[in-house]
Amino acid sequence: MSRFFSSKHSALTPYTPGEQPKDRKFVKLNTNENPFPPSPNAVRLACEAAQKLELYSDPEVLPLREKFAEVYGIDKDEVVFVNGSDDILNFAFMAFCDKDHPAVFPDITYSFYKVFASLHHVPYEEIPLKEDFTVDVNDYIGIGKNIFIANPNAPTGMAISRDDVEKIVSSNPDNIVLIDEAYVDFGGESVIPLIRKYKNLFVTGTYSKSRSMAGARLGFGIADRELIADINTLRYSTNPYNINLMTTAAGIGSLTDEEYTKKNIGVIKENRAWTAAELEKLGFKVLPSCTNFVFAMHPSFSGECIYKELRERGVLIRHFNDERIKEYNRISIGTMDQMEALIDALKEIVK
Ligand SMILES: *Cc1c(COP(=O)(O)O)cnc(C)c1O
């Protein structure tokens, strides 16, 4: 830390992204990327947009918002686009939380929530998941704090129902309930249809997973228009051009090709079922998944051992050191070839 770094950030521990190795070709199952390329429509429109890079991007992101509103059945003023959904989470903590409006989230969840809380000096409480790693909805009823829940949750892969989310939202009318739907397309129940009923519900989503656009950095927030206006106040106070021309164009292209996205999601779900069954045959305990990853542990091998042995065999998965989940690993679902490579390597390890 330099002597110039503001003391207001001295306690900050940054988020640790999953590795993006460059040295050797791994079977890369560590960051929940989609194994399939983006829609050809997205690529074509992005290339066309690249011809006009001398111009600023549209700060209102209007054509993308209009297309999105049509596809998702909302109004264009009920959505804001951002530079990856990490950007919207940052804005949400900045907009709605402070020392009088603390945050709560599960103890096992997307570890970025904690980082944003620290960055914005927001007091927070971590509520333990139940023993089986599910969210206990009762813990959040009338809690009177801003609530952040990834649904489906990461890295567990498990989801709560729309009815359960509604119970949480309706019992905390004076607080924001943010539902992070990064993985919803792989098997969760979206609560987007509830945004008109509840002015305190804020839904976030991303193009990184189901739409195969992690490298484009495109995320969104969906909520009552007043909440969206608050986010825009902050967006225009930091970087109104936070979405570049090519990403905006690719975002529209993806929305013109819903069949393509659906087809890929279908394949990933099939590969997920196959992988879970094969892991179980090898003695793994696999949590039920509504996402594009599985969370698994082996009773005879430590989580770290499985991670290291796979890495030596060229397969990269994600291991976390947190006490409660250190015996588990998160394995992204890729193509059938990738999943076969994983299972072959594991057969060698556990034999
Ligand atoms: C991947 C992920 C995100 C972030 O996605 P980006 O749009 O790529 O920033 C947000 N929340 C959860 C739970 C995720 O797993």
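**Entry 1**

I looked up Glu348 and found it partly exposed, because its relative accessibility is 45%. Here "buried" means under 20% relative accessible area, "exposed" means over 50%, and "partly exposed" is in between (1.4 Å probe, protein chains only). I then checked Arg313, which counts as partly exposed because its relative accessibility is 32%. The side chains of Glu348 and Arg313 form a salt bridge, 2.9 Å from N to O. (A salt bridge is a side-chain nitrogen of Lys or Arg within 4 Å of a carboxyl oxygen of Asp or Glu.) Glu348 sits in helix α10 (residues 336-350) and Arg313 in the loop between α9 and β11 (315-316), so to speak two distant parts of the chain, 35 residues apart.I am reading a predicted model, in which local features need pLDDT of at least 70 and side-chain atom pairs count only at pLDDT 80 or more, while totals for chains, interfaces and linings use all residues. Residues are numbered from 1 along each chain as its sequence is written, and side-chain values use heavy atoms, with hydrogens and water left out. Helices (H or I, at least four residues) and strands (E, at least two) are DSSP runs, numbered from the N terminus.

How many salt bridges does the structure hold? I found 25. One of them pairs Glu19 with Arg311, and the closest N and O atoms are 2.4 Å apart. Glu19 lies in the segment before β1 and Arg311 in helix α9 (residues 303-312), so this pair ties together parts that are 292 residues apart in sequence. Glu19 counts as partly exposed, with 31% relative accessibility. Arg311 is partly exposed too, at 28%.

Next I looked at Arg225 and Asp75, whose side chains meet in a salt bridge of 3.7 Å, N to O. Arg225 belongs to helix α6, while Asp75 is in the loop between α2 and β2, and the two are 150 residues apart. Arg225 is partly exposed at 40% relative accessibility, and Asp75 is partly exposed at 27%.

**Entry 1: Helix α6**

I followed Arg225 into its helix. Helix α6 (residues 225-238) has 14 residues and reaches 20 Å from its first C-alpha to its last, close to the 20 Å expected at 1.5 Å a residue. (The expected span is 1.5 Å times one less than the number of residues.)

Which residues of α6 are buried? They are Leu227, Ile228, Ile231, Leu234 and Arg235. These residues are on the same side of α6 because they cover an arc of only 120° around the axis. The buried residues of α6 pack against β2 (79-82), α3 (85-96), β7 and β8, where contact means heavy atoms within 4.5 Å.

**Entry 2: Lys209, a buried charge**

Lys209 lies in the loop between β7 (201-206) and β8 (219-223). Lys209 is buried yet has no salt bridge. The nearest side chain of opposite charge is Asp86, 6.9 Å away. (Lys and Arg count as positive and Asp and Glu as negative; His and the chain ends are not counted.)

What does the side chain of Lys209 make a polar contact with? I found the side chain of Tyr183, at 3.3 Å. A polar contact is a pair of N or O atoms within 3.5 Å; within protein, one must be able to donate a hydrogen and the other to accept it, and residues adjacent in sequence count only if both atoms are side-chain atoms. Not counting residues up to four places away in sequence, Lys209 touches several residues, including Thr31, Asn34, Phe186 and Asn292.

I found Ser39 in the loop between β1 (27-28) and α1 (40-50). Ser39 counts as buried, at 3% relative accessibility. The side chains of Ser39 and Asp257 are joined by a polar contact of 2.6 Å. Beyond four places in sequence, Ser39 also touches Gly253, Ser254 and Tyr260.

Among the buried ones are Gly253 and Ser254. Their cover includes α1, α2 (62-72) and α8 (258-281). At the start of α7, a side-chain oxygen of Asn244 comes within 2.9 Å of the backbone nitrogen of Met246.

**Entry 3: Ile331**

My last stop was Ile331, in strand β13 (residues 328-332). Buried or exposed? Ile331 counts as buried because its relative accessibility is 3%. Leaving aside neighbours within four places in sequence, Ile331 is in contact with residues including Leu29, Phe293, Val294 and Met339.

Definitions and conventions:
The arc is that of the directions from the helix axis to the C-beta atoms.
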